[in-house]
Amino acid sequence: MIMKHRLLLTAALSFLATGATAKTVAITADKLIEVETGKVIARPVVIITNGRITAEGVQGAITIPADAEKIDLPGVTLLPGLIDMHVHLDSAPEYSGYNFLQMSDRFWMTVGVANAKKTLDAGFTTVRNVGSEFFNDVGLREGIDNGYISGPRLITATYAIGATGGHCDETYFPQSMDQKSPYNVDSPEEGVKVVRTLKKYGATVIKVCATGGVFSRGDTPGAQQLALPELKAIVDEAHMDGLKVAVHAHGASGISDSIRAGVDTIEHASLVDDEGIKLAVQHGTYFSMDIYNTDYTQSEGAKNGVLPENLKKDADIGEIQRENFRKSLKAGVKMIYGTDAGIYPHGDNARQFAVMVRYGATPLQAIQAATVNAGIALGWQSDVGSLKVGHYGDIIGVTSDPLADVTALEHPAFVMKGGEVYRSGGKVVDPTQ
């Protein structure tokens with residue numbers, strides 16, 4: 001114990017000897033929305049030191065440190081940085097169907113760099129990347145965290161786990177080409193092995209494909225592709241390793257079995273039935289329902305190379321999914337904001353808010369899905385999703401009231417991540433100048 005105290009004291013003295021100082025930023029604005037309750041606070045001030053919020057309140061009631069960089073945002077309403085729980089940063093909708101074969105494997109990493117910046121500029125300061133090839137998402141996370149590129153906080157699934165021939169396998173090629181995902185599983189034992197392998201190489205969340213999909217070939221979205229024992233083995237191993245599990249599941253039986261297996265979030269949930277909704281409420285399972293992107297895929301998909309089979313599946317399932325969003329929300333299922341960005345252009349993530357409101361959510365419920373709910377679902381509720389003391393200084397600002405018109409979130413005037421400004425529409429005063 002004495003040695004431990006000496007080490008701590010030595011570290012503290014070393015820090016002081018370097019002359020290092022904590023960076024402090026003070027933000028003032030017209031309003032702030034307390035996302036937990038919907039309460040609107042007039043004339044707020046938020047103080048961030050070394051990337052985290054150290055004080056928040058009303059102007060005049062909090063002393064702003066003399067050495068703070070001051071950012072004044074007149075006419076702006078502040079909210080926490082937004083969270084998209086379902087993106088694919090290294091995907092681009094312009095290369096759909098077989099069009100992606102025009103490009104080399106390494107091209108997709110450059111796509112990810114560009115899309116990370118677009119996503120952050122759009123006000124999404126945290127995203128969960130639920131499926132990527134060649135561990136591109138891990139490389140993006142490392143580049144962002146080490147300051148080489150701009151982007152949101154990134155939770156990485158690496159490869160999505162699926163069954164042989166299933167939605168997350170390679171389904172676009174003939175047998176002679178022998179194309180397959182390196183992380184298919186066809187037994188509980190294989191599921192355990194793959195979870196351990198993906199964690200070893202950088203997965204911070206596990207993504208599983210339990211049913212067929214819309215943009216795979218030769219399957220139907222409703223068909224279950226992993227059995228309950230396989231799902232449970234994957235979930236148990238992931239949870240033992242401290243990882244959350246997100247499950248791609250359109251079909252009713254796959255949704256119900258995934259919930260029984262103990263998954264944390266259901267992605268899509270398009271064909272959920274009454275049993276699945278009841279189970280989700282009972283187990284506290286979150287639904288991440290991407291109810292915007294059909295607008296884009298139906299208008300632009302053919303031009304981008306989406307195959308007729310996939311466009312038909314997309315059209316058949318789109319309105320059903322939206323009505324099931326309404327039904328699930330009304331029943332009390334906990335919702336998080338997940339858009340499947342990459343199926344539509346990155347940077348347009350906020351367009352889903354309006355669709356959520358159109359199908360039964362209040363503006364506050366839609367905002368909560370992308371802030372406080374998402375933070376809790378990630379297990380990061382002490383770090384993101386709110387503007388409370390101790391949270392990261394992840395803040396956006398909009399110039400109109402999103403509680404009256406949620407489309408205000410589509411055009412943020414101000415974006416800050418970890419106390420660093422990435423988009424500013426306000427006056428900045430540096431005390432050292």
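The lining of the second largest pocket comprises 7 nonpolar, 5 polar and 6 charged residues, where Ala, Val, Leu, Ile, Met, Phe, Trp, Tyr, Cys and Pro count as nonpolar, Asp, Glu, Lys and Arg as charged, and the others, Gly among them, as polar. The model is predicted, so that local features require pLDDT of at least 70 and side-chain atom pairs pLDDT 80 or more, whereas totals for chains, interfaces and linings use all residues. Residues are numbered from 1 along each chain as its sequence is written, and side-chain values use heavy atoms, without hydrogens or water.

Domain 1 (24-81 + 385-428) and domain 2 (82-378) both contribute residues to the lining of the second largest pocket, which therefore lies between them; the domain bounds come from an automatic or database domain assignment.

Attention then turns to helix H8. The buried residues of H8 (residues 294-304) are Thr-294, Tyr-296, Thr-297, Gly-301 and Asn-304, buried meaning under 20% relative accessible area and exposed over 50%, with partly exposed in between (1.4 Å probe, protein chains only); helices (H or I, at least four residues) are DSSP runs numbered from the N terminus. The buried residues of H8 pack against helix H9 (308-331), contact meaning heavy atoms within 4.5 Å, while the face turned away from the buried side carries the exposed residues Ser-299, Ala-302 and Lys-303. Just after H8, Gly-305 adopts a positive phi of about 105°.

Key: Helix = DSSP H or I, 4+ residues; strand = E, 2+ residues; numbered from the N terminus.
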